[in-house]
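Thanks, everyone. I have one structure to go through today, and I will keep it short. Please have a look at it first.

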Amino acid sequence: APVVEELGVKVGISPVSMENAMDNIEQEIKDWNFEKIVDETTNKWNTELSKLQIETTDTVAKRIFYTALYHAFMQPIMFNDCNKEYRGTDKNIYGDPGFTNYTVFSLWDTYRAAHPLYTLVQPERVPDFVNSMLAIYEQQGRLPVWHLYGSDTNEMIGIQSVPVIADAILKNVKGFNYERAYQAMKASMMSDYKGLSYVTNLEYIPADKENESVAKGLEYAIADWGVAQVARKLGKAEDYEYFSKRALAYRNYWDKDTHFFRGKNQDGSWLTPFNPVHSTHRNDAYCEGNGWQYTWLVPHDIEGLISLFGGKEAFVSKLDSLFLVNEDLGDEASPDISGLIGQYAHGNEPGHHTVYLYSFVDQQWKTAEKVDYILSHMYSDLPDGLQGNEDCGQMSSWYVFSALGFYPVNPSDGMYVFGRPIFDKVVLKLPGDKFFEIRTNNNSAKNKYIQSIELNGQSYNKLYISHADIMAGGTLVFTMGNRPNKQFGK
């Protein structure tokens with residue numbers, strides 16, 4: 001009979017040196033006890049995942065929820081050795097910077113809900129995320145775009161570390177220098193990165209000069225809004241005025257005749273031919289999307305977007321149509337456009353806030369219906385349980401927030417818009433031994449509509465809850481029913 005020998009292997013990695021890799025092994029895995037490492041790791045994950053404790057009879061939803069939380073927490077990842085040395089974006093080796101250095105920032109995706117989830121559930125990590133981004137700024141002259149293992153891939157569009165840093169400052173996260181962060185935000189948005197010089201000089205990005213012009217313009221406007229709000233907080237009145245104006249540049253892509261955001265040429269004419277359904281992957285005026293999907297990407301100025309339509313009625317009519325239009329996207333459509341309900345694409349990130357927009361036009365019950373459908377049809381506990389690319393936790397972060405009953409439509413303003421909670425009870429562990437409890441009365445599959453809300457025993461008739469109210473601790477109670485209460489939130 002063959003001799004069976006057991007072979008033990010340890011692996012150490014380092015972005016700096018072979019010596020550091022060996023040191024990491026010696027520091028982190030001192031002995032040869034595999035089961036001990038498994039137990040330690042399991043305990044660490046259980047501690048992290050138990051920051052949100054849910055009660056439900058729906059074991060499938062519970063499994064999806066904790067899998068989603070696990071996915072969200074898998075990144076950003078630490079990118080330094082036990083001695084705190086790391087390799088910078090400029091490829092130089094740096095000593096202990098005084099913070100944990102991070103990488104894997106898939107920001108075009110994660111700024112929307114994953115990073116707001118971290119500010120809520122992992123606030124202790126946020127200062128190190130920001131300090132890592134500021135170090136990247138100093139090493140490459142611009143805040144990160146899509147930072148992967150110590151290198152900025154410059155992949156995707158926008159500079160969406162800007163709204164992430166804005167979010168941290170506006171929520172009063174401590175542990176980094178606000179003035180230093182502001183200067184990095186401002187300098188990055190005043191750079192000539194991917195069409196930004198057109199924003200500065202022309203107030204829109206011409207479609208005949210720059211690919212994906214509409215998508216870039218809308219993403220830059222969101223980031224500019226964040227710069228403006230931080231400028232106001234820091235008392236920079238002139239910058240506040242300037243960036244507030246730039247945050248409205250999304251209007252320059254608006255075609256009042258078709259009610260879509262469209263590519264505009266440098267001479268002011270619209271890019272033709274125009275088909276709001278068609279997509280040419282990474283080679284049209286949008287980015288992994290079409291005219292239908294990008295028409296809603298103004299989370300920082302929803303009232304302004306409604307006014308472009310001419311009012312709430314026209315806005316609702318168009319938003320209803322988004323979920324009904326079933327047309328062919330064309331032979332060269334982006335494969336990322338997936339998880340379709342009409343033209344709404346849940347399998348890609350730019351539309352993730354869209355179902356929550358009904359709440360801004362007095363029809364919150366439609367948000368509840370759409371959220372309910374997506375939670376139950378677009379996620380499962382099978383290996384292929386997502387409708388699109390996870391994109392470093394963003395797809396799952398949508399589920400986590402929405403299952404709790406609210407979502408950060410504007411990722412930086414600290415307001416979470418109500419949708420449809422699915423769990424009987426949730427307890428969120430907060431810093432300082434505080435807790436925020438969410439209870440759902442009359443909870444069932446049929447009772448998808450919010451009838452009323454109480455916050456800390458008081459009737460609460462707003463359509464959102466603030467970050468500050470959650471972090472203060474307390475109890476939020478939803479009472480649900482099987483018919484819309486059309487007076488809720490009015």
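C392 is buried, because its relative accessible area is 17% and the cut-off for buried is under 20%. This is a predicted model, so please hear every value as computed. C392 sits in the loop between α15, residues 364-377, and α16. Its phi is positive, about 60°, although C392 is not a glycine.

In general, most residues other than glycine have a negative phi, and most peptide bonds are trans. There are further exceptions to go through.

R282 also has a positive phi, near 55°, and is not a glycine either. R282 lies in the loop between β10 and α12. Is R282 buried, exposed or partly exposed? Its relative accessibility is 22%, so R282 counts as partly exposed.

Now the peptide bonds. T272 and P273 are joined by a cis bond, with omega at about -5°. P273 is in the loop between β10, residues 260-261, and α12, residues 291-294. The bond from Q75 to P76 is cis as well, with omega near 0°. P76 is in the loop that runs between α3, residues 59-73, and β2, residues 77-78.

Next, helix packing. Helix α16, residues 394-404, packs with helix α5, residues 114-121, at an angle of about 55°, and the axes are 8 Å apart. The two helices, α5 and α16, are therefore oblique to each other. The crossing of α5 past α16 is left-handed.

Last, the surface. A nonpolar patch there is formed by L7, V9, V11 and I13, with about 500 Å² of accessible area together. I13 belongs to the segment before α1, residues 18-28. With 69% relative accessibility, I13 counts as exposed.

Note on methods. Residues are numbered from 1 along each chain as its sequence is written. This is a predicted model: local features need pLDDT of at least 70, side-chain atom pairs count only at pLDDT 80 or more; totals for chains, interfaces and linings use all residues. Side-chain values use heavy atoms; hydrogens and water are left out. Patches are made of residues with over 30% relative accessible area and no salt bridge: like charges are joined within 9 Å, nonpolar side chains (Val, Leu, Ile, Met, Phe, Trp, Tyr) within 5 Å. Accessible areas come from the Shrake-Rupley method with a 1.4 Å probe; for residues, only the protein chains shown count as cover. A salt bridge is a side-chain nitrogen of Lys or Arg within 4 Å of a carboxyl oxygen of Asp or Glu. Helices (H or I, at least four residues) and strands (E, at least two) are DSSP runs, numbered from the N terminus. Buried means under 20% relative accessible area, exposed over 50%, partly exposed in between (1.4 Å probe, protein chains only). Axes are lines fitted to C-alpha atoms, for helices over the stretch in contact, and angles run from 0 to 180 degrees between N-to-C directions. Angles under 35 degrees count as roughly parallel, over 145 as roughly antiparallel, 65 to 115 as roughly perpendicular and the rest as oblique. A crossing is left-handed if the near helix is turned anticlockwise from the far one by less than a right angle, and right-handed if clockwise.
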